[in-house]
Amino acid sequence: MDIEETVANLHRAFASGLTRPLAWREQQLDAMRRMLADNAQALEAAVLHDLGKPAAETGLMEIKLVLDEIKFAKPRLRLWTRRRHKVMPLLMQPATSWTVAEPKGVALVISPWNYPVLLSLQPMVDAIAAGDCVCLKPSELAPETSALLARVIPEYMDHRAIAVVQGAVPETTALLKRPFDHIFYTGNGRVGSIVMQAAARQLTPVTLELGGKSPVFVDASADLPRTANRIAWGRFINAGQTCVAPDYVLATPDVASELADLVASAIRRFFGDDPASSTSYGRIVNVKQFDRLSALLPDASHSERGHVLCGGQTDRDDLYIAPTVLTDVLPDAPVMQEEIFGPILPILTVRDAREAVAFINKRPKPLALYVFTRSKATRRLFERHTTSGALGFNLPLGHLLSNRLPFGGVGASGMGAYHGHRGFLEFSHVKTVTSKPLRPDTLRLAYPPYSGTVRILGRVPLRYSR
Ligand code: NAD
């Protein structure tokens, strides 16, 4: 079936009212749960094939998180879709009003390769919970996983309302020319801008889940061994290819060197002396990304690139880059000019928290910012004087795991948010409804020709606002 027909069919399905009943939404969420249960091993194998990602990581950080989202949304559908009554202003009385969340229509979900199961299915859960039809376009850079999703989704779920279109740039470009009621895109900012421009032509609302450099600040009050473990976990999971991974560390001079040593020993504990043979360590997605990352590593002729404290080994045939810690990196090093999105962790020094805040605020708004300190004043400083999609004290990645927290970026790291109720709302239109009896016709006080009463009514708020 071609793209035009696929999208037209989804619009027909939505117009028929198929997806509105809560019973349909619940059935589809159950069907997705069964699909995941029956195909968990196959999905883990597909992601391993595409990314070299350890099966345990796919289980914990992808499949489980989708199941959690279903488990959270399904029992709350009735609550989320209930009318919410609001009080009308005195002048409008007698009258009633309420809001009600209605499905937007047909949603396009464009997902990336780095968490190909999670980032395809979690937005779908929110869209289905909202009562939308969904067209999923998974990433061509995770081909086995995309093909598997394209096969099993129609086997388990209602193919009249849920479709998968496989393909790369030409297919996505063709999709973006079709009408949608919402576009949910996860990926890099360059393509985010293309998606937003295409959406603007049809005034389609968008959610952009983008990336960028997520900084970490560490000072002398932090518990350094635990800080190092958490930073190493967040940075090197999925071989560093996580949108909210700690991208670089700003440490005060009194802790920078000890912290770097502790991160290096955490790496040895996590992945052994030879991470290439560890079953817990992943690979880089493809040669293009491998070459980009390899070019960021220090060499003898560029002192601003810093020193390799640990790691630095690469194997192009195996798409392997060792978990690498860089010290003495300067802000103008190539590794500091773009999101790293790989297993390299530069550690820079800053005088204090204020300098770290100034450093962060000079750069694009991050998707996440992590602060390791025991100082309440420092925590307050970061909370009040920086902006980021999320702020984590002593906790990288943690916000990603909760259905009760909105997940999204700000500025260059994205717009809109999802997960749990926020995700349901992202795919819904919250409609305002008002109702006023025709008798008594109190509204006639506001009708022209304007009397003295209208003038008095307009002035009353002025008197009380003095
Ligand atoms: P990608 O290359 O898989 O692209 C994402 C999607 O965009 C794919 O489906 C692809 O087909 C489509 N696409 C690519 N080029 C296009 C074009 N010219 N026109 C239309 N569509 C096009 O993934 P990626 O962008 O390399 O993903 C990595 C980036 O995504 C990183 O920056 C990362 O931080 C970010 N990311 C963000 C989140 C988040 O939740 N905020 C999650 C994961 C990844």
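Leaving aside its neighbours within four places in sequence, which residues is G131 in contact with? They are F14, T19, R25 and P103, where contact means heavy atoms within 4.5 Å.

## Basis

This is a predicted model: local features need pLDDT of at least 70, side-chain atom pairs count only at pLDDT 80 or more, and totals for chains, interfaces and linings use all residues. Residues are numbered from 1 along each chain as its sequence is written, and side-chain values use heavy atoms, with hydrogens and water left out.

## G131

G131 sits in the loop between α5 and β4. Helices (H or I, at least four residues) and strands (E, at least two) are DSSP runs, numbered from the N terminus. G131 has 0% relative accessibility, so it counts as buried. Buried means under 20% relative accessible area, with a 1.4 Å probe and protein chains only. G131 and F14 lie 117 residues apart in sequence, yet their C-alpha atoms are 8.8 Å apart in space.

C133, C135 and K137 lie on one side. V134 and L136 lie on the other. In a regular strand the side chains alternate between the two faces of the sheet.

β4 pairs in the parallel sense with β3 (residues 106–110) over 5 bridges. Two strands pair if DSSP finds at least two bridges between them. K137 of β4 is the bridge partner of I110. β4 also pairs in the parallel sense with β5 (residues 162–164), over 3 bridges. There, V134 has I162 as its bridge partner.

β3, α5 (residues 118–130) and β4 form a right-handed β-α-β unit. Right-handed means that, with the strands pointing away from the viewer, the path from the first strand over the helix to the second runs clockwise. The crossover from β4 through α6 (residues 143–156) to β5 is also right-handed.

## Helix α12

Helix α12 covers residues 353–361, and its buried residues are A353, A356, V357, F359 and I360. Seen down the axis, they fall within an arc of 160°, so they line one face of the helix. The arc is taken from the directions from the helix axis to the C-beta atoms. Their cover includes β8 (215–218), β14 (344–349) and α13 (376–385).

## Domains

An automatic or database domain assignment sets the bounds: domain 1 is 3–210 + 416–429 and domain 2 is 215–401. Their centres, over C-alpha atoms, are 31 Å apart. The contact takes 14 residues from domain 1 and 17 residues from domain 2.

The area buried between the domains is about 1,400 Å², with 62% from carbon and sulfur atoms. Buried area is the accessible area (1.4 Å probe) that two parts lose on being put together, summed over both.

Key:
Buried < 20%, exposed > 50% of the residue type's maximum accessible area, 1.4 Å probe, protein only.
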